[in-house]
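Here's a quick tour of some side-chain packing. Have the model open alongside as you read.

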Amino acid sequence: MQSNKVYIILCEGDSEFAYLQELNRFLRENNYSLTFSAKIIGTGYYKNVLQKYSNEKKNNPRLPIKILLDNDIYCRNDRENKVNFEKSKIKEHFLFNIQNFEDFLILHYDDETLKKWLEICRQNNHEKEPMHSNNYMPQFQKLVPNYSKGSCPFSPLEHINLENLFRHNADINIFIKSDFASLLKNLLNKI
């Protein structure tokens, strides 16, 4: 039997943590030898991310560490995030969701739900100027009524959710992308 591959995933908050826990359950129940050890940063701001990364690297020097973040605050350059990231020596560890975690989640849904979300995004110029959560959350919750921050809207996570994620993430006509989805697909293809 193949040994279990563990990745530390530094993530912004409770929603990402809940998703990674659900993903780990799916991987375990489907006999994938892969685990994501989620560690909450509490924010996506670069300086906090760098500090958390340095601490984790010191405590776990042999495990691969990835940083799962939303691109929105980097795109807007909130608190000089974009500037700091561009100078970073650990860029290769960053996995961005474009634009936010809810965009990543919607990639797991059927084509019709995604199409409705993309229309909302177009109406709000979300691709170029990412919406703030107080703007997008009410609209997102109309499409995904069982979702709230800190939860995973699909439990259990199923094969069809991941198939949708990978298919939508690869579609060049969809601006929403996730580096984590690409990593996950590559890792699952190797198992």
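## Around N161

Which residues does N161 touch, not counting residues up to four places away in sequence? With contact meaning heavy atoms within 4.5 Å, N161 touches H108, F154 and P156. N161 sits in helix 8 (residues 159-170); helices here are DSSP runs of H or I with at least four residues, strands are E runs of at least two, and both are numbered from the N terminus. N161 is buried, at a relative accessible area of 10% (buried is under 20%, exposed over 50%, partly exposed in between, using a 1.4 Å probe and protein chains only).

A word on ground rules: this is a predicted model, where local features need pLDDT of at least 70, side-chain atom pairs count only at pLDDT 80 or more, and totals for chains, interfaces and linings use all residues. Residues are numbered from 1 along each chain as its sequence is written, and side-chain values use heavy atoms, with hydrogens and water left out.

## Aromatic pairs

Searching the whole structure turns up 18 aromatic pairs (Phe, Tyr or Trp rings, the six-membered one for Trp, with centres within 6.5 Å; planes under 30 degrees apart are stacked, over 60 edge-to-face, the rest tilted). Y46 and F94 are stacked, because their ring centres are 6.0 Å apart and their planes meet at 15°. That pair links distant parts of the chain, with Y46 in helix 2 (residues 46-59) and F94 in strand 4 (residues 94-98), 48 residues apart. Both Y46 and F94 are buried.

F101 and F104 make a tilted pair, since their centres are 5.4 Å apart and their planes at 35°. They're three residues apart in helix 5 (residues 101-106), so about one helical turn separates them. Both also belong to one aromatic cluster with Y7, Y19, F36, Y109, F154 and F180.

## Helix 6

Now for helix 6 (residues 111-123). Its buried residues are T113, L114, W117, L118, I120 and C121. They cover an arc of only 155° around the axis, so they lie on the same side of helix 6 (the arc is that of the directions from the helix axis to the C-beta atoms). These buried residues pack against helix 5, helix 7 (133-143) and helix 8, while K115, R122 and Q123 are exposed on the other side.

At the N-terminal end, D110 caps helix 6, with a side-chain oxygen 3.0 Å from the backbone nitrogen of E112. Just after helix 6, N125 has a positive phi of about 55°.

Technical notes
Expected span 1.5 Å × (residues − 1). Polar contact = N/O pair within 3.5 Å; in protein donor to acceptor, adjacent residues only side chain to side chain.
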